[in-house]
Amino acid sequence: MHQEYFNTASIFDKNGDVIPFGWSKSPVFFYNKINSSAAMLRTKETDIYCIKNSQVCMIISIANLGLYGVVRGAIIDFKSFKMGKKTVHKLFPFIKFRMPESSLSGDVAYNDSRIGVKFSKAGTRRYLKCDYLNFYNNKNLYFNIEIDEEKTESMNVAVPFEHSKTSYFTKRFMPQMKATGIIRFGGNEYNLDREDTTAYLDWSRISVPSKLTYHQLVAEGEYKNSKMTIHFGGGLSKNSEGIENCIFVDKKLIKLGAVRAKGHIHDLRSNWKFEDREGNIYIEFVPSTKGGGHLNLKSDKNTVVYGNIYGHIIGKDGKTIKIDGFDTLLTNTIL
């Protein structure tokens, strides 16, 4: 079982070697980038937000991927079951894509003649603003969103790589935050109500020794009047398998162990299975085909597929949680 951390730990020592290896319910891992000895062009820094309610799901991210910067977005209208999506690349992002070194503070923004997008934080509030001309099919995207992260636990990990002292993977995943505000896409307007709208943050800072295929599943639904989020992540290394796996019940984190992921990365319409050796976890991901179509975003080395999951999780107390159709995003990324 991986070590759980309770006190602040720097990712790098003074020589640039990665120190901690474990997880925490709070953001204790300090990304002291100034001490990193990883090559700048191999360093990937990404902030992703997902906003969702019964009407709409929006994913928006800003990333500095070393050689280029990326602004990536997707919006799903659940009534029409259609998706708008756009990815913009900018070479040599060192000035315009200055990413914050902590998920606790700091702003990140990008602006040009077509795009103005900004993520910021003050206290327990996060703010997302965007004006995006011709986002998709000559339709503009606008949003102004406030997110409340108060009393929300998060999954925080720090992973070194055995054969590369300068490589690392550190991440914070924080779901079940309340969101309010407005999204406008073309002629559609979505009002985000606090009681119906949730948000999650996926904050990662990465430098890996070679190409790795990383997968992540994020599912959300209701179980016995409680809000539940399931998070699986894997593909980094054998000794780190399961380090990110967990469920959140009403903002509280429950750690899970390793699961085996089986699926076809290049087939966006294929099912995936996630199961552990003991049979306590069995989850099947099924891409949604509502209206006869599929919803997915494919750009560069990143794919996101929308669907649903079915199966069960048996807890340490022996009680079975049955999963029946939770909304899910399955992401596969070549790091």
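These legends describe close-up views of aromatic rings in a predicted model. Local features need pLDDT of at least 70, side-chain atom pairs count only at pLDDT 80 or more, and totals for chains, interfaces and linings use all residues. Residues are numbered from 1 along each chain as its sequence is written, and side-chain values use heavy atoms, with hydrogens and water left out.

**View A. Phe135 and Phe185 form an edge-to-face pair.** Rings of Phe, Tyr and Trp (its six-membered ring) pair if their centres lie within 6.5 Å; planes under 30 degrees apart are stacked, over 60 edge-to-face, and the rest tilted. This rule gives 15 aromatic pairs. The Phe135 and Phe185 centres are 5.9 Å apart, with 90 degrees between the planes. The pair links distant parts of the chain, 50 residues apart. Phe135 sits in strand β11 (residues 125-136), Phe185 in strand β14 (residues 164-185). Strands (E, at least two residues) are DSSP runs, numbered from the N terminus. Both Phe135 and Phe185 are buried, meaning under 20% relative accessible area (1.4 Å probe, protein chains only).

**View B. Phe173 and Tyr200 form a tilted pair.** Their ring centres lie 5.3 Å apart and their planes meet at 50 degrees, so the pair counts as tilted. Phe173 belongs to strand β14 and Tyr200 to strand β16 (residues 198-207), 27 residues apart. Both Phe173 and Tyr200 are buried.

View C. A charge sits over a ring if NZ of Lys or CZ of Arg is within 6 Å of the ring centre and within 35 degrees of the ring normal.

**View D. Lys255 lies over the face of Trp23.** The distance to the ring centre is 5.7 Å.

Definitions and conventions:
Helix = DSSP H or I, 4+ residues; strand = E, 2+ residues; numbered from the N terminus. Buried < 20%, exposed > 50% of the residue type's maximum accessible area, 1.4 Å probe, protein only.
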